[in-house]
Amino acid sequence: MSRSNKFRSLFIEAALASSAVLLLVLFLVGRPAASLLPLWGNPYEVSNAAICFAIALIVTLLVLWGGRRWHAVTAVILALMLMAGLAATTCALLASLAAVALGYQVTGSRALPKLARSNLGRFVLAFWVGKAVYLLVLAVLSFFPVNSRFLHGVVPVLLIMASPGGLREAWRVVGSFLHDVPKRSRRSRDWVVPSFFFMLSLLLLILATVHPGFDGDAMTMHMRVAREMLNKGFWAYDVTEYVFAVMPLAPQLNFSAMFVVGGIEAVKAELVLEFLMVLALVATGGGFRARPAGLALAAVFCFMPLFVREIAGLFVEVPLCGFILASAVLLASGLRHKSAEISMLAGVCAAGAISTKPFGLLLPPVVLFVLVINRRELLSSSEKPRLLLQLLLAIALAVFFYAVAWIKTGNPFFPFFNGVFKSQYWDPINFLDRRWIGDVNWDLAWRMTFESSRYEESSDGSMGLVLMFLIVCAGSLRALSRSNFFAVVPLCVGVLYLVGVGMQVQYLRYLLPGFLLISVSLAFYLQIYVRRLNGFLWFVTLSALLAANVIGLPSSRFRNGLMHIPVKNMFVPGKFRGVLSANFSEESIDGHRYLGALLAASERRIPTVLMLGCPYGAHFNGRTIYTTWHNYSWKSRESQLLNFQNFEQYLRATGVTHLVTDGCMASDQRIVLLPFIKEHYPRIAEWEGVELYEVTK
């Protein structure tokens with residue numbers, strides 16, 4: 001490296017380090033610290049987090065001291081086994097292997113070398129292609145009452161058996177990855193600091209997220225789908241009692257398959273593996289060789305508080321990020337190699353994004369544009385049968401849930417755009433969460449960093465310093481040239497995504513794919529400027545960013561294993577494994593979860609439970625009926641149902657066997673219905689303000 005290049009590299013690294021330190025100071029003296037520090041006030045939680053951090057630090061140092069890749073992989077798998085258990089971890093690994101093998105098989109040997117520039121990049125892209133096909137299989141199975149532990153244990157095995165060539169390639173890549181010692185790590189110390197922070201952040205992520213608890217939307221929807229699949233063996237797509245029953249449900253069906261086989265822990269273990277596949281695309285700069293600067297950026301995202309809550313709370317943005325990033329990277333490869341086959345695989349991943357959330361619909365025009373550019377290769381390809389198969393898979397997965405919604409409700413995007421389609425199952429207005437709209441301004445990135453509670457349901461600081469750090473790293477785009485032009489494709493797709501989604505809704509979770517897309521391109525161009533890392537400056541940079549992530553971890557709504565699960569409860573094999581504790585002397589179980597378990601243990605018949613309060617149906621076996629806006633059939637005639645006679649008729653007509661009341665009851669329900677319920681129906685259990693009543697004939 002020339003002296004001028006060394007000086008330029010050192011200047012950039014010094015700028016990144018000083019910027020990270022300055023941002024951390026602003027973080028500590030500003031709004032984030034003011035809202036977060038009180039959440040660190042419990043000495044039990046602080047000491048527990050310190051113990052977990054020390055354990056993760058020791059393991060990380062041992063892994064780095066060993067210096068072999070298989071040491072790191074073994075540590076991650078053992079951490080998953082510790083938190084999730086052997087069976088759950090095995091289920092997650094088997095499902096991931098099935099996705100990779102299937103992805104290689106669908107790709108084919110001719111297109112495989114063009115997929116990416118490295119084995120790791122090809123492995124990750126094959127995973128997301130195979131995962132899309134796997135989700136299509138689950139979507140078809142969701143209609144039939146066959147979803148059982150046996151079936152979802154057999155399906156990954158059958159997919160692996162159907163992909164012999166893909167399995168051989170996956171085995172070869174994993175073997176070479178585990179046994180090869182990177183020459184670059186022997187020749188220089190560039191990898192030490194990024195590897196240290198990535199490994200430490202990953203272990204902290206596993207300790208914080210992989211536990212039996214879940215929060216937020218998972219209790220209302222994501223795990224309710226899984227619970228119904230477990231109890232009934234299929235998903236009814238019934239919008240008469242649940243408004244989101246026909247929305248894109250591919251991730252929820254994946255959750256259901258893991259839940260049926262291995263429980264909540266299997267869902268989270270597989271979600272961690274999916275997140276690793278997302279981070280690998282960042283570390284490789286979009287499928288190139290893994291680079292120290294890319295690994296450093298991946299480490300920044302790895303323990304970002306919002307992603308901790310994404311996995312711990314079982315949200316669906318991780319697979320959304322994976323499919324969108326994979327599609328963008330494949331589009332870049334398709335343009336670079338002028339390959340119609342790679343472009344078609346980008347369409348398969350785009351279909352996976354579409355089946356996750358409607359935001360994926362931003363991708364098909366881009367995929368179509370690239371296919372038009374590669375039309376000559378498309379028409380002259382000798383792989384027309386494979387291209388046709390990929391096209392059919394993409395179309396089937398992309399339209400599946402929207403076709404179901406159209407058939408069931410007359411609105412393919414139900415309940416969205418109902419002002420256009422006017423389905424009878426929702427008011428003739430466009431469904432929109434108005435908490436997160438109308439706040440577009442030039443300083444949006446600053447406010448999303450330091451006032452993030454305005455843009456998602458959590459405390460300030462949930463984004464750490466990631467957004468501002470990406471803006472600082474944007475200077476690396478000066479390295480853009482004609483020879484590396486295609487590496488900017490993920491950034492262009494990311495800008496398109498952020499504009500398309502951000503102009504409609506300013507909700508941080510929905511914007512995560514855009515931030516990651518930009519980081520993929522920045523990781524590539526940053527490495528051009530910073531070829532040899534200065535260990536001290538990068539240690540300062542990543543220490544400041546990790547400090548912001550750790551400080552931003554607590555939330556008044558979401559629980560994490562580092563703070564809320566005693567270390568002893570991570571190791572015990574009995575009923576308290578992973579159970580939360582309020583004061584670390586006695587375990588606390590959520591009231592809905594407790595009553596759900598009690599009802600499941602005491603009732604031989606499948607109950608129908610009317611939730612008069614919080615819509616937390618995921619904790620109850622059988623059928624759950626909400627009385628919130630999630631249930632339009634109730635909400636549209638709630639004023640009539642507040643009449644005692646009409647209420648009793650409703651209970652008989654719907655076959656309700658039990659009632660659940662809690663502190664979330666609407667005021668009119670509490671004033672009118674609660675006294676009537678207490679007088680006419682026996683209360684059979686109560687826990688932490690949640691009461692369970694039996695509806696007697």
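**Figure 1. Buried residues and the overall build of the chain.** In this predicted model, 59% of the 697 residues count as buried. The chain is built from 33 helices and five strands. Its radius of gyration is 25 Å, close to the 26 Å given by the globule rule for 697 residues, so the chain is as compact as a globular protein of that length. Along the principal axes, the C-alpha atoms fill a box of roughly 85 × 65 × 50 Å. Take the contacts between residues at least 6 apart in sequence: 74% of them join residues at least 24 apart.

**Figure 2. The surface and charges of the chain.** About 27,600 Å² of the chain is accessible surface, and 65% of that belongs to carbon and sulfur atoms. Looking at charge, you can count 60 positive and 39 negative side chains. The centres of these two sets lie 14 Å apart.

**Figure 3. Two aromatic pairs to compare.** How many aromatic pairs does the structure hold? There are 32. One of them joins Phe-400 and Phe-401, whose rings sit 5.0 Å apart, centre to centre, with 75 degrees between the planes, an edge-to-face arrangement. Both Phe-400 and Phe-401 are buried. Now turn to Phe-413 and Phe-421: their ring centres are 6.1 Å apart and their planes meet at 50 degrees, so this pair is tilted. Phe-413 is partly exposed, with a relative accessible area of 24%, and Phe-421 is partly exposed as well, at 30%.

**Figure 4. An aromatic cluster and a cis peptide bond.** Tyr-242, Phe-244, Phe-416, Trp-426, Phe-431, Tyr-626, Trp-629 and Tyr-632 together form one aromatic cluster. Another detail to look for is the cis peptide bond between Phe-414 and Pro-415, with omega at about 0 degrees. Pro-415 belongs to the loop that runs between helix H20 (384–409) and helix H21 (418–421). Most peptide bonds, by contrast, are trans.

**Figure 5. Two loop residues with positive phi.** Most residues other than glycine have a negative phi. Leu-314, however, has a positive phi, near 55 degrees. You will find Leu-314 in the loop between helix H15 (305–312) and helix H16 (317–337). Is Leu-314 buried or exposed? Leu-314 is buried, because its relative accessible area is 0%. Lys-338 also has a positive phi, near 50 degrees, and lies in the loop between H16 and helix H17 (340–354). With a relative accessible area of 63%, Lys-338 is exposed.

Key
Residues are numbered from 1 along each chain as its sequence is written. This is a predicted model: local features need pLDDT of at least 70, side-chain atom pairs count only at pLDDT 80 or more; totals for chains, interfaces and linings use all residues. Side-chain values use heavy atoms; hydrogens and water are left out. Helices (H or I, at least four residues) and strands (E, at least two) are DSSP runs, numbered from the N terminus. The radius of gyration is taken over C-alpha atoms; the globule rule is 2.2 Å times the number of residues to the power 0.38. Buried means under 20% relative accessible area, exposed over 50%, partly exposed in between (1.4 Å probe, protein chains only). Contact means heavy atoms within 4.5 Å. Accessible areas come from the Shrake-Rupley method with a 1.4 Å probe; for residues, only the protein chains shown count as cover. Lys and Arg count as positive and Asp and Glu as negative; His and the chain ends are not counted. The place of a charge is taken as NZ of Lys, CZ of Arg, CG of Asp or CD of Glu. Rings of Phe, Tyr and Trp (its six-membered ring) pair if their centres lie within 6.5 Å; planes under 30 degrees apart count as stacked, over 60 as edge-to-face and the rest as tilted.
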